[in-house]
Amino acid sequence: MESESYSVGKEGTSMSKYVLMQSKSPWESGDVAQFYGLARELGKAGGEVTFFVVQNGVMAARTGAQDTAFDQLLGANVRVLADDFSLRERGIEAAALKRGVAPGPIDEVVDLLAAGAKALWH
Amino acid sequence: MATITIGIMDPPYESANTPTAFRMVDAALRKGHAVNVFCYEGATALGFAGQKQHPNAVHGASIEEEDHPNPKEWIKALLAFAAQRQVKLVWCNCGMCVDERGVEDQVPGVCRGSPVDAWKYCEGSDGVLLIGTE
């Protein structure tokens, strides 16, 4: 498993694939901003990071949502996807998402898991 | 094809985490990946065979009209789908968690194990996701 998920970075450090799933909105848990921060740091350290917002986690991805920590995540070296099913449940159109967020199916997570990505849920 | 292990902890009827987990299992099976599901704590009641549909008196709906979905039916459907696709799906409950809750009567196909089995599933998997309650 490890041999598939690791590659060697420019300076000899190991780089990994990560998928972080955020299921809570930033207004229901103070931990959410910490989770955004973890994703940013992993990306900064050279990891290949996908941040997948799901369930109420998609609420922060709306254009009008006031969430500085999420906006900082969008400016980081992290791919941010919003679960298309969760968006439909909440009546959020793809056009209403912040720049830097793309709608995506849950298959994206499955593909990453199958490829050996390290996964974290919050 | 890969092997994926998903750990679930939430009890039925309480969290959106449960349908999300089921959606991931479904998506993985559709792609032909083998899947291990390990249910811990309250999640061991997901496959409890004693779950019953109910009418909705507030809305005046009968049992049939309400058609309330029970998670045991989703598990049965996923197991049937895996069998149809000839893809391995293991649905394992923590035995001690089952005993604590008195939910020994599970739908066919759900097995009983221990955290040791969960560890083995993880060791043999390409990817692991634990969906915690908090």
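## Chat about strands, sheet and contact

User: Hi! Starting with chain A, which residue is the bridge partner of Leu81(A) in E5(A)?
Analyst: Hello! Leu81(A) has Ala102(A) as its bridge partner in E5(A). One thing to keep in mind is that this is a predicted model.

User: Thanks. How many bridges join E4(A) and E5(A), and in what sense do they pair?
Analyst: E4(A) and strand E5 (residues 101–104) of chain A are joined by 4 bridges, in the parallel sense. E4(A) also pairs with strand E3 (residues 48–53) of chain A, again in the parallel sense, over 5 bridges. There, Val49(A) has Val78(A) of E4(A) as its bridge partner.

User: What sits with E3(A) and E4(A) in a β-α-β unit?
Analyst: That's helix H3 (residues 68–74) of chain A, and the unit is right-handed.

User: And is E4(A) mostly covered or mostly open?
Analyst: Mostly covered: of the 6 residues in strand E4 (residues 78–83) of chain A, 5 are buried.

User: Nice. Switching to chain B, what's the strand order in the sheet?
Analyst: The order is E4-E3-E2-E1-E5 in chain B, an open sheet of 5 strands with parallel pairing. Strand E4 (110–113) and E5 of chain B are the edge strands, each pairing on one side only. From one strand to the next, the twist averages 20 degrees.

User: Which residue stands opposite Val35(B)?
Analyst: Leu89(B), in E3(B). The strands E2 (residues 34–39) and E3 (residues 89–94) of chain B pair in the parallel sense over 5 bridges.

User: Which strands does H1(B) touch?
Analyst: H1(B) packs on the sheet and touches E1 (3–8), E2, E3 and E5 of chain B. The direction of H1(B) makes about 170 degrees with that of E1(B).

User: And how does H1(B) pack with H3(B)?
Analyst: Their axes are 10 Å apart, and the angle with helix H3 (residues 71–85) of chain B is about 10 degrees. H1(B) is therefore roughly parallel to H3(B). Among the residues making the contact are Phe22(B), Val25(B) and Leu29(B) of H1(B), and Trp74(B), Leu78(B) and Phe81(B) of H3(B). By class, this contact has 8 nonpolar, 1 polar and 2 charged residues.

User: Last topic: how many residues does each chain give to the contact between them?
Analyst: Chain B gives 18 residues and chain A gives 16 residues. On the side of chain B, helix H1 (17–30) and strand E5 (127–131) are the elements that give two or more residues. H1(B) has the largest share of that side, with 6 residues. By class, the side of chain B that touches chain A has 10 nonpolar, 5 polar and 3 charged residues.

Note on methods: Residues numbered from 1 in each chain as written. Chains lettered and ligands numbered in written order. Predicted model: local features only at pLDDT ≥ 70, side-chain atom pairs only at ≥ 80, totals over all residues. Contact = placed C-beta atoms within 7 Å. Nonpolar A, V, L, I, M, F, W, Y, C, P; charged D, E, K, R; others polar. Axes fitted to C-alpha atoms, helices over the stretch in contact; angles between N-to-C directions. Parallel < 35°, antiparallel > 145°, perpendicular 65-115°, else oblique. Buried ≥ 20, exposed ≤ 12 C-beta atoms within 10 Å, placed from the backbone. Pairing = 2+ DSSP bridges. Right-handed = clockwise from strand over helix to strand, strands pointing away.
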